[in-house]
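Where do the charged side chains of this protein pair up?

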Amino acid sequence: MKKTRLALALASCLMAGSAMAQSSVTVSGLVDAFAGSMKNSGDSGSKASVGSGGMTTSWIGFKGTEDLGGGLKAEFNLTSFFQTDTGATGRFSGDNLFSRDANIALSGGYGRVMLGRGLAPSFLPTVLFNPFGDSFTFSPLVLHVYTPSGNFGSRTWTQANAADSGWSNEIIYTTPKFGGLQANLHYQFGEVAGQTGKKNIGVNALYFNGPLALTGMYFDAQVSNPNSGSAIIDATAPFSSITRQKTWMVGGTYDFQVVKLYGTYQASKDTTAGNPQAKDKVFSVGLSAPVGNGSILAGFARTKRTGDLLASTTGDVSRNTTSVGYDYFMSKRTDLYAIVMNDKISNQSSGVSFGLGMRHRF
């Protein structure tokens with residue numbers, strides 16, 4: 001009897017271990033802070049400060065998977081942004097708690113289907129095809145398409161992309177990989193009573209083959225991120241205020257080993273709030289070159305705007321932004337960076353910013 005009980009106990013432990021091996025939950029994140037001086041074009045003056053997210057917006061999140069058998073997996077992501085300099089949650093005041101990720105998905109041989117809040121179709125083509133990645137502080141391309149200059153309530157620049165970098169109320173279908181090619185189809189429900197036709201639709205494709213990488217993206221947006229502090233066309237208006245914006249983008253990189261080159265081109269037509277023919281054309285180039293334990297980074301973006309999106313300004317506007325820096329890796333998880341940026345909007349004063357920062361992944 002004792003032997004039988006012992007055998008049953010061992011079998012139970014083995015079964016429990018097998019079940020646990022089929023599922024996992026991980027906690028991960030990134031902490032980024034810098035010290036320096038910031039002045040975007042049009043700002044009233046330079047601001048010396050300790051800032052958050054010089055190279056990457058700080059975040060912490062939970063990710064889980066469960067093997068359902070037959071190649072099918074259940075997945076979830078819950079990820080929150082935070083500001084390292086103050087400890088505040090979100091990217092800005094009023095941001096959602098899980099504004100980076102809040103989704104659940106099924107994946108298998110057919111691809112992956114996700115429900116909830118996730119990436120916008122413009123995000124990966126933007127951050128993977130410029131040398132400063134997802135820096136909302138120093139990347140010229142990201143500043144032009146995602147980040148308004150000045151404070152969120154008083155702007156000298158309205159970002160080129162009307163919709164947020166993440167979409168809520170979203171379905172994303174990700175195809176299997178075909179060689180180095182993979183595509184994502186995005187659909188965001190408007191969820192506005194009486195305006196059932198409002199929605200966002202988008203698609204992107206990413207191709208990686210040795211030293212060559214290519215991307216293409218298109219979205220048709222009628223709504224932005226539904227929260228009180230979202231970076232939308234008018235900070236005082238509800239997220240449903242966007243009439244419509246159609247945007248497409250192409251980009252590529254090529255790694256010559258001694259230097260990696262980047263290039264993108266984006267065009268959009270916006271019919272938002274009294275600007276029926278506002279158009280943006282955004283061009284960017286950049287490079288990264290390995291030096292020592294890090295890389296020299298350089299990027300340039302130019303936007304030509306026909307019909308400014310700010311009601312207080314009329315006529316054509318252009319913006320030129322250049323950033324140069326060095327990113328030094330102390331280990332695989334920790335790096336130090338130094339960046340200088342020059343920014344100029346045609347009808348505003350120029351601005352120069354610099355930052356010395358540290359980034360750690362866990």
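The sections below cover the basis of the model, then the salt bridges.

## Basis

This is a predicted model: local features need pLDDT of at least 70, side-chain atom pairs count only at pLDDT 80 or more, and totals for chains, interfaces and linings use all residues. Residues are numbered from 1 along each chain as its sequence is written, and side-chain values use heavy atoms, leaving out hydrogens and water.

## Glu75 and Arg112

The whole structure holds 11 salt bridges (a side-chain nitrogen of Lys or Arg within 4 Å of a carboxyl oxygen of Asp or Glu). One of them joins Glu75 to Arg112, with the closest N and O atoms 2.7 Å apart. Glu75 sits in strand S4 (residues 72-81) and Arg112 in strand S6 (residues 111-119), so the bridge ties together parts 37 residues apart in sequence. Strands (E, at least two residues) are DSSP runs, numbered from the N terminus.

Glu75 is buried, at 17% relative accessibility. Buried means under 20% relative accessible area, exposed over 50%, and partly exposed in between (1.4 Å probe, protein chains only).

## Asp164 and Arg91

Asp164 pairs with Arg91, the closest N and O atoms being 3.1 Å apart. Asp164 lies in the loop between strands S8 (154-155) and S9 (166-174), and Arg91 in the loop between S4 and strand S5 (101-108), so parts 73 residues apart in sequence are tied together. Asp164 is buried, at 8% relative accessible area. A network of salt bridges links Arg91, Asp95, Arg117 and Asp164.

## Arg244 and Asp220

Arg244 bridges to Asp220, with closest N and O atoms 2.8 Å apart. Arg244 is partly exposed, at 32% relative accessibility. Asp220 is buried, at 10%.

Note on methods
Helix = DSSP H or I, 4+ residues; strand = E, 2+ residues; numbered from the N terminus.
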